[in-house]
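Please report on the fold shown here.

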Amino acid sequence: MKVNQFSLLPVNIKRVLERCKVPYHIDEDFVLTDFETLPMPEDFRFMRCTFVALCLQGKGSYNMGTIERDVHPNDIIIITEGQVLGEISLSNDFKGIGVFISNEYMLEIIRDISEVTNLFVLSREHPVFTLTYEEVDVFRKYLDIIKIKVSDQTHAFRKQITGTLIGGMIYDICNAAVRLSSTVGTNRIRAYDDFERFVRLVERNFRENR
């Protein structure tokens with residue numbers, strides 16, 4: 001089945017805020033919420049932000065384009081901008097927590113995008129992978145501290161310090177992705193190298209040449 005992304009409703013933070021009550025968010029740049037508050041789409045959606053989530057309990061599945069992905073406890077889920085999401089199914093006991101990050105905020109947080117190339121390339125082939133128990137514990141601690149900082153409306157640098165914490169969390173996920181990348185074949189690693197060279201060319205030239 002071919003899906004026309006231009007005819008799909010977008011998933012962006014503005015729409016998330018319009019459709020559900022979330023306790024932790026910063027403008028239209030960042031949302032932290034559990035799955036219980038999220039309305040599950042009944043048809044395909046076009047991602048216009050990055051979504052990173054952790055399955056805590058139960059099991060689920062979703063389609064990315066036409067490929068079905070299964071999710072189990074301790075699995076990290078990464079869905080990046082430009083992907084087509086649909087047909088979500090969750091068990092009755094499913095629990096999970098996740099963050100939506102706008103592309104603009106992501107670029108503020110990660111100054112050198114080539115440093116997270118592996119994460120986003122791997123997320124296309126492996127959008128779901130399992131964290132160790134220690135990595136899960138660290139991930140949840142990041143989210144706990146982020147909740148505190150997002151809730152502190154009096155903090156003069158609330159957005160900046162939250163971005164720093166998100167950046168640390170992303171780099172720790174990248175470290176887990178490095179472990180996954182060591183299991184892929186030589187041809188796949190060569191493809192990652194080619195993509196990283198492309199990203200570096202974009203970084204050097206995007207301001208002068210669109």
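Phe94 is buried, with a relative accessible area of 8%. Buried here means under 20% relative accessible area, exposed over 50%, and partly exposed in between (1.4 Å probe, protein chains only). This is a predicted model: local features need pLDDT of at least 70, side-chain atom pairs count only at pLDDT 80 or more, and totals for chains, interfaces and linings use all residues. Residues are numbered from 1 along each chain as its sequence is written, and side-chain values use heavy atoms, with hydrogens and water left out.

**Around Phe94**

Phe94 sits in the loop between strand S9 (84-90) and S10. Helices (H or I, at least four residues) and strands (E, at least two) are DSSP runs, numbered from the N terminus. Leaving aside neighbours within four places in sequence, Phe94 is in contact with Phe35, Glu36, Cys55, Gln57, Gly58, Lys59, Gly60 and Val71. Contact means heavy atoms within 4.5 Å. Phe94 and Cys55 lie 39 residues apart in sequence. In space, their C-alpha atoms are 7.7 Å apart.

**Cysteines**

Cys55 is buried, at a relative accessible area of 1%. Cys49 is buried too, with a relative accessible area of 1%. How many disulfides does the rule give? The count is zero. A disulfide is a pair of cysteine sulfur atoms within 2.5 Å.

**The six-stranded sheet**

Six strands form an open sheet in the order S2-S3-S10-S5-S8-S11, with antiparallel pairing. Two strands pair if DSSP finds at least two bridges between them. The edge strands are S2 (24-26) and S11 (128-130), each pairing on one side only. Neighbouring strands of this sheet are turned by 15 degrees against each other on average, direction ignored. Axes are lines fitted to C-alpha atoms, for helices over the stretch in contact, and angles run from 0 to 180 degrees between N-to-C directions.

Strand S5 (residues 50-57) is mostly covered: six of its eight residues are buried. S5 is joined to S10 (residues 95-101) and to S8 (residues 75-79). Phe51 stands opposite Phe100 in S10. Ala53 stands opposite Ile77 in S8.

**The five-stranded sheet**

Five strands form another open sheet, in the order S1-S4-S9-S6-S7, and its pairing is mixed. S1 (9-11) and S7 (67-71) are the edge strands, each pairing on one side only. Ser61 has Asp70 in S7 as its bridge partner. Strands of a sheet pair through backbone hydrogen bonds, either parallel or antiparallel.

| Strand pair | Sense | Bridges |
|---|---|---|
| S2 and S3 (residues 30-34) | antiparallel | three bridges |
| S5 and S10 (residues 95-101) | antiparallel | seven bridges |
| S5 and S8 (residues 75-79) | antiparallel | four bridges |
| S6 (residues 60-64) and S7 | antiparallel | five bridges |

**The chain overall**

The secondary structure comes to six helices and 11 strands. Buried residues make up 44% of the 210 residues in the chain. Among contacts between residues at least 6 apart in sequence, 74% join residues at least 24 apart. The chain exposes about 11,900 Å². Carbon and sulfur atoms supply 51% of that area. Accessible areas come from the Shrake-Rupley method with a 1.4 Å probe; for residues, only the protein chains shown count as cover.
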